[in-house]
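The following briefing goes from the conventions in use to the overall fold and then to selected local sites.

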Amino acid sequence: MPEIEINPTTRIEGHHSTTIDVRDGQIASAKSHMEMFRGIENITVGRPPSDVPQITQMVCGVCFTSHRKAATLALEDAAARAGVFGGVPYNARLLQNVMEGMFLLWNHAIHLFTLAGPDYSDAVADTGYARLNPNEGAGYESALSNQRTLLQAFTEFGGRAPHPLTYAPGGVVAQPDEETMDRVRERIASVDEWVGPTDAVPEVLAAVRDRRGPPSDARGLYDMVSVLVAAAEEGADEFGVGPGRFYANGMFYDDSGGLVFPGGVFVDGSVRDPSRTELLASITEDTSHAWYTEESGGHPQRAPPPEPAPDKEGAYSWGKAPRFDGQAVETGPLARLIAAGDDPFDLRSELGGDPQRSSTLNRLIARVQEFLLVRDMLGEWIESVDIHGPLRAEWTDDFTAEGVGLWGASRGALSHWVRVENGEIANYQIISPTLWNLGPRDKAGNPSILEYALEGMAVEDPRDPVNVMRTIRSYDPCLGCAVHVQDGEETRFVGDLESPRPTDSLGD
Amino acid sequence: MATAQQGRRPTERLHQDSKYDFLSLAVDREPGDVISEFSTEINAALDRAVEDDLDVAWLQGQSCTGCTISLLQGEHPEQFQLERFRESIAFHPTLMTDAGDRALEAIETAPDVLIVEGSIPVDVPRAATLGVDRDGARRPILDWVVELAERAEVVIAVGSCAAYGGLPAAGKRDPEAVRASPTGASGVQFEGIDRGGVLGPEFTAGSDLPVINVPGCPTHPDHILLTLATVLNGYIPTLDEFNRPLPLFAPLVHDDCTRRPDYEAKNFASEPGESGCLYEAGCAGVHANCDDSKRLRNGGTTICRDVGAPCIGCVEPAFWDRFTPFYETRETREEIGEPEPIEESSRAIPRPESRLAGLLIAIPVCVLLLPLLPVVGALWLVGRWFGPDGPIAWREDPRNRTVGDR
């Protein structure tokens, strides 16, 4: 029976491949391989805390601001524990709401149109949805143009994007004035015009189903809904079905000291919101199938220095396997909306069959729902920022403490774990959403979320496993951030230390 | 166009019937003007790549994909340019439609142009792989780059990681770094400021050019577009000492900074996010060479200093070590044996309030100097004709200097 290696997985961020073992037209087993390691966390060690947001942001050129945000949260948590930090001004949190909000819209648009969308376009799958075609589809084109506008608005506060410069421990170092705010409003208004009114969802859904063209005042919405309807027509509610366990970190600040989207865990059919202490204690990482030594796993704050082992028997990924209470859990917009108990326009109930179902279709629907929810709050956040108010609290690098930053990144639950000793980074660890979703198996052989979702899936044409690709991309994987490993002590690589050599194994 | 013919590349494959050398055209123009003025010609260069089946392959080593995402933000002049750009690249892991073997088939075994994004792990080749070889073993990006570079006409390293090693190589050159570059990350033809890297200091591609570095973290989309369109038109760009296309990387960030008057007045901010010159807050603009101060980012929206962020020197080799801690005052140029850039660039953007005053002074000065024009013109022509090598290098090269010892 064929074992198929899909290498590379394209239209995702970073290096990934998938091995599927197909028996009798079904996937008997699947392996998710993360193919890159850089050691970014190592590089933070010995550096001053203020430099860390800049460094860890560069982990990923797609989710740059998410990593910068989580890094500042981890440092702020540590400094507060050390008693040298009194908290971030709410005005700065509001500005971060604005920046994170624009970023999330940008990220979801990029995913829906350029990474996942082509799978449901006429060009790839004869679906009849030619507006989604890469290169010349009208919907794809206008999305490309609008993602630029969104990042331009973001840049008014961030200086440039990707890789902005203004989140710092204690707040934001931007200098907005009235003109800045006017330019941001103008850009967001033009994106709003492209998307159209949220209320139009039922009408647009009907228009897409009837194969009517896009209404002139809701073209963006029409194209996003087209992705969902096309996915439903392709049966995406039935494939890519995960174990139905979810974990979400919260995101966006409200004026009562809480978060607009709450964090939470959904296991055994019900949602609960564990305390921060319980949450942090429940997270572990397993290295039994990763190219690191066995001893490198454990709790991210207590694990001994991880040691890479590129020739390790049985290992197949540069990602560790994060587990919550020992179990693989799915994260992402779907997890967030399940934790929030929200299903706008009943799209997941009606189009997806069940609002809490872990399916390829529901992951796409949740992304569209979240896009609209955040878009509808963004305007209010922009108006509530006081450009004359405080944007940053006083900060010192000189302390000793541990801290954790938990944030709802666009792709799901992100955590940064830091230990600062005498003003220098002694230990750093990142657990990214993609690691939760696309990591390898654990010691007990339990598959990761993606591996679980692929196993049992029907594969009609092993040479073109389109639903496998659709499922992988439904997690919006981002592997720049899935690199791993840090520690405060010297460790050396063993094994592969060959010098560059030319080869002639290319098929020519 | 005798000078242009001089710069025409000798190889047949990329020899195009076009007179447009976009990088040379950039010498006399404001950043951004070449792309808006010659958009049709730039598109024609990309179109020919598609029509003539020129193969452009884009490989990602240890990358964050930020340079690709930056490319998507290129605005000038219209988005269709991006479409042509993408169509002209046969293999791009983030943007292409196919996956798996079908995707790999799009990589020609002898691409005309090889573009590399991300650093290359030399000590642990397995730390970045793409596809499998005939034996089913994961194929290191290192092997891909070595093999394809030898057969390519032109090799372009996009972003500071591919050019100089970048973040994955941070600490590699610093004996005091606690944990440095666990994978032995390297640039394609540089390791930090030193020539060498994966391909070695002597490497030249089929066009006799070394690897063209287009650094930045991330790279500027205009810089990629202008460099690619120029080589597709068959011209050899003049490079600086770190193999960057000279016109794009000649000015210092400091030269044309809008906060320059604060620098001259010694009005320094002590923290990022404050008013005043950011030099004491860690700005590396006096050491960093690129035209971003006037070109700006994200379709001309902003650049770092506009939001109160000091330049982190992201276009310079080994900037993760050389310019960190980021928010501490950098050494002066004098301390590293460089001339203090006292005079503002002649192309500096005047502040609105100074524009009128400038005009009032400039008009009588121009009238008085008018009789000298033929003499200046003649001197300019002579200088250009006998310049050291070709159409760009006639210009005084501010890069003819060494980086301070570290």
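Residues are called buried when their relative accessible area is under 20%, exposed when it is over 50%, and partly exposed in between, with a 1.4 Å probe and protein chains only. By that scale Gly353(A), at 57% relative accessibility, counts as exposed. This is a predicted model, in which local features need pLDDT of at least 70 and side-chain atom pairs count only at pLDDT 80 or more, while totals for chains, interfaces and linings use all residues. Residues are numbered from 1 along each chain as its sequence is written, chains are lettered from A and ligands numbered from 1 in the order in which they are written, and side-chain values use heavy atoms, with hydrogens and water left out.

**Overall fold**

- The secondary structure of chain A comprises 16 helices and 15 strands, where helices (H or I, at least four residues) and strands (E, at least two) are DSSP runs numbered from the N terminus.
- With a radius of gyration of 22 Å, close to the 23 Å given by the globule rule for 508 residues, chain A is as compact as a globular protein of that length; the radius is taken over C-alpha atoms, and the rule is 2.2 Å times the number of residues to the power 0.38.
- The C-alpha trace of chain A spans about 65 × 60 × 50 Å along its principal axes, and buried residues make up 68% of the 508 residues.
- Of the contacts in chain A (heavy atoms within 4.5 Å) with a separation of 6 or more, 70% are between residues 24 or more positions apart.

**Thr287(A) and its surroundings**

- Thr287(A), found in the loop between β11 (283–286) and β12 (321–324) of chain A, counts as buried at 2% relative accessibility.
- Leaving aside residues up to four places away in sequence, Thr287(A) touches several residues, among them Tyr292(A), Lys312(A) and Lys320(A).
- The side chain of Thr287(A) reaches the backbone oxygen of Glu294(A) at 3.2 Å.

- Just after α11(A), Gly341(A) takes a positive phi of about 65 degrees.
- Gly353(A) lies in the loop between α12 (347–350) and α13 (360–384) of chain A, and its C-alpha atom is 17 Å from that of Arg209(A), 144 residues apart in sequence.

Terms used: A polar contact is a pair of N or O atoms within 3.5 Å; within protein, one must be able to donate a hydrogen and the other to accept it, and residues adjacent in sequence count only if both atoms are side-chain atoms.
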